[in-house]
Amino acid sequence: MVMPSQTPLSPDAGSDAVLSTTLPARVVLAPVVPTAELTSTPKRRSFTAKYKLRILDETDQAADTGGVSAILRREGLYSSALTDWRRARAAGTLGALQPRHRGPQKVPANPLQAELAKANREVAALRRRLDQAEAIITIQKKVAALLDEMEQTQERGGKS
């Protein structure tokens, strides 16, 4: 069964008159700002120590388990995060409550590393000078041998 299209009546015409044009379909626009679930690149949340301490204080003041669960739902947290924060607070390390940087940790610089690098550069320079001096000595030996040979050939040529 096919339903006839309904067209609105013209207000200035009689009740028998029907408009020849139909209203366009209703278009629903997409939201201008996307929600957090629809972001193209997810971003890891990080919490400050002040925020963590505030949440810990709130959960400590909550009388029952439902109160703690309500706080966790409101803040979008997991109970494991709360447990980790409580352990850090119990250890007395406020710095542990600060968010840690991900990835490889930077190795602290060794104070003797600069001295070692300087000594290695000096050794390399001294080896270059030694190689040059050895090359010069080798050439001097060859020149001395040639001069001796030339002197001996001149003496032989003078005696004959």
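**Note on the helical packing**

1. Val-68 contacts Thr-59, Ala-62 and Leu-82, leaving aside residues up to four places away in sequence; contact means heavy atoms within 4.5 Å. The model is predicted, with local features requiring pLDDT of at least 70 and side-chain atom pairs pLDDT 80 or more, while totals for chains, interfaces and linings use all residues. Numbering runs from 1 along each chain as its sequence is written, and side-chain values use heavy atoms, without hydrogens and water.

2. Val-68 also belongs to the largest nonpolar core, which has 12 residues in all, including Phe-47, Tyr-51, Ile-55, Leu-72 and Trp-85. Such a core is a set of buried Ala, Val, Leu, Ile, Met, Phe, Trp, Tyr and Cys residues joined through side-chain atoms within 4.5 Å. Two or more residues of this core come from each of H1, H2 and helix H3 (79-91); helices are DSSP runs (H or I, at least four residues) numbered from the N terminus.

3. In H1, Ala-49, Tyr-51, Lys-52, Ile-55, Leu-56 and Thr-59 are buried (under 20% relative accessible area, with exposed over 50%; 1.4 Å probe, protein chains only). These residues lie on the same side of H1 because they cover an arc of only 160° around the axis, taken from the directions from the helix axis to the C-beta atoms. Lys-50 and Gln-61, on the other side of H1, are exposed.

4. Glu-75 is located in helix H2 (residues 65-75) and counts as buried because its relative accessibility is 18%. Not counting residues up to four places away in sequence, Glu-75 touches Arg-45, Tyr-51, Arg-54 and Ile-55.
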